[in-house]
Amino acid sequence: MYSIASEHLRFSVLIDGNSDLRSDAMSLPVSPEALYSDDPPVGAVTVDVDPFCIEFFSDPYPVHAELRNAGPVVWLPRYAIAAAARYQEVRRSLLDWETFSSARGVGMSDFARHDRFRLPSIILEADPPQHSRSRSALNKSLSPAVMHSLRAQFAAVAAEMITQLVDKQEIDACTELAEAFPLRVFPDAIGMRPDNRQHLLPYGDMVFNSFGPANSLFKASATRATQVFPWVEAEALREHLREDGFGMILYQCADAGEITHDEAHKLVRALLTAGVDTTVNGIGASLYCLARAPDQWEMLRTDPARFARPAFEEAVRIESPVQTFFRTVTRDTELGGVRLERDRKVLLFLGAANRDPQKWEQPDSYLIARRTAGHVGFGVGIHACVGQLLARLEGEVLLQALASRVRRIEIVGAVERRFNNTLRGLKRLPIRLHPN
């Protein structure tokens, strides 16, 4: 057994197969927010780490490396859950929805065993056949044709915003760009009313925090979001959506009998939940990476039409705005040679998989010419992010507009992280825009 200790973080890695060491694993500290008391799976290496504490969120990459090195499946005794951090096991789990189910919640809690703080998503937290009905309708509302129709509008807004910010020169790239752009174009595209759109951020923050334990991050976000619940429910109603927004397509699917009208309302609500936060963090990650990699910024400037989307995609890979999701094992199985019994919760470290050196060359380097196909930043399989085309479009047109007007991006102050149980993003990114 070996340990690495700090004030809030400690590894104790025990090689399984020894009954004394299994006893030691069960005696390690347990989080007060733990929901389970299962025994470690036979063959799993025990790693004593809290993946939901601030110290971990501040710099998760050393821990990610330890988790990958420890084995294909590890045991996290603080929460009595199994976890996978290697690319191969994470991808396999995401693809095999029949064995690793989302329907019992993609967070730590198990809908079959625990009270529900929130209503489950009928797309993110559903498996076929419900998922198939939901996905079919969403694919129509977020189709390539719909995205093509939005491109000119999004590009015009991006150009307008960049022109104003270049004149200002010193900005907070988080609030004035990464947040401001999606909060303007996404609600317009879905057909929302103009008032109170800023509520989308605290609501999304709460939902993604709820996928982790009921810790201080979740409790604080739940308090902030309490007043937003009725607003989100109301905004998703048909009578509050414009006819020309893609949200109305879901109600048209209901009119055609493809889904129910209640399902249409729930799917619009799901879009309002996840349609902003991940894009905000993806754009913020792109700006952060490009500001710290001037050679990559120069490459982008040489051909914005070619490199804008790859620059956004590589930022999603290396920073992974969605860091983790849970799955529930539906039948006895093996993952990476480790036996997992039915009803176990498994934590999948998407962020660690996206930097797995067994999959990626120079995994910790931001390289916009990299072939990023296969990254799991948007998930994979039937539960891959349904809004990824929209996120890519927003990131692409914004980076194109920026690269066409700005010679250099310079970080001019302290960068602050925004902590969340599931998301990785920035709270403050002070930059100076040097115009052409």
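Entry 1, counting elements. I took helices (H or I, at least four residues) and strands (E, at least two) as DSSP runs, numbered from the N terminus. On that basis I found 18 helices and 15 strands in the protein. I am working with a predicted model, where local features need pLDDT of at least 70, side-chain atom pairs count only at pLDDT 80 or more, and totals for chains, interfaces and linings use all residues. Residues are numbered from 1 along each chain as its sequence is written, and side-chain values use heavy atoms, with hydrogens and water left out.

I looked up the radius of gyration, which is taken over C-alpha atoms; the globule rule is 2.2 Å times the number of residues to the power 0.38. For 436 residues the rule puts a compact globule near 22 Å, and the protein agrees, with 22 Å. Along the principal axes, the C-alpha atoms fill a box of roughly 65 × 55 × 35 Å. I then checked burial, where buried means under 20% relative accessible area, exposed over 50%, and partly exposed in between (1.4 Å probe, protein chains only). Of the 436 residues, 59% count as buried. The accessible surface comes to about 17300 Å², and 51% of this belongs to carbon and sulfur atoms. Such areas come from the Shrake-Rupley method with a 1.4 Å probe, and for residues only the protein chains shown count as cover. For contacts I used heavy atoms within 4.5 Å. Among contacts between residues at least 6 apart in sequence, 72% join residues at least 24 apart.

I asked how many of the ten residues of α9 are buried. Nine of the ten are, so α9 is largely enclosed by the rest of the structure. The buried residues are L200, L201, Y203, G204, D205, M206, V207, F208 and N209. Their cover includes α8, α10 (216-225), α11 (229-235), α13, α14 (277-292) and β8 (324-329).

I fitted axes as lines to C-alpha atoms, for helices over the stretch in contact, with angles from 0 to 180 degrees between N-to-C directions. Helix α9 (residues 200-209) packs against helix α13 (residues 261-274) at about 95 degrees, and their axes are 8 Å apart. That makes α9 roughly perpendicular to α13. The label follows from the cut-offs: under 35 degrees is roughly parallel, over 145 roughly antiparallel, 65 to 115 roughly perpendicular and the rest oblique. From α9 the contact uses L200, Y203, G204, V207 and F208, and from α13 it uses R269, L272, T273 and A274. I sorted these residues into six nonpolar, two polar and one charged. Here Ala, Val, Leu, Ile, Met, Phe, Trp, Tyr, Cys and Pro count as nonpolar, Asp, Glu, Lys and Arg as charged, and the others, Gly among them, as polar. I noted the general rule that an α-helix has 3.6 residues a turn, so residues three or four places apart point the same way.

I looked at H199, in the loop between α8 (180-190) and α9. H199 is buried at 18% relative accessible area. Not counting residues up to four places away in sequence, H199 touches V228 and W231. Within α8 itself I picked A189, which is buried at 4%. Leaving aside neighbours within four places in sequence, A189 is in contact with L150, F154, G245 and F246.

Which residues of α4 (residues 87-95) are buried? I listed Y87, E89, V90, S93 and L94. What covers them includes β5, β6, β8, β9 (333-335), β11 and α17 (350-353).

Most residues other than glycine have a negative phi, and most peptide bonds are trans. I found that A80 has a positive phi of about 55 degrees although it is not a glycine. A80 sits in the loop between β4 (74-76) and β5 (81-84) and counts as buried at 9% relative accessibility. D343, also not a glycine, has a positive phi of about 80 degrees. D343 is in the loop between β10 (338-340) and β11 (345-349) and is partly exposed at 29%. The peptide bond from P128 to P129 is cis, with omega near 10 degrees. P129 lies in the loop between β6 (100-101) and α5 (130-141).
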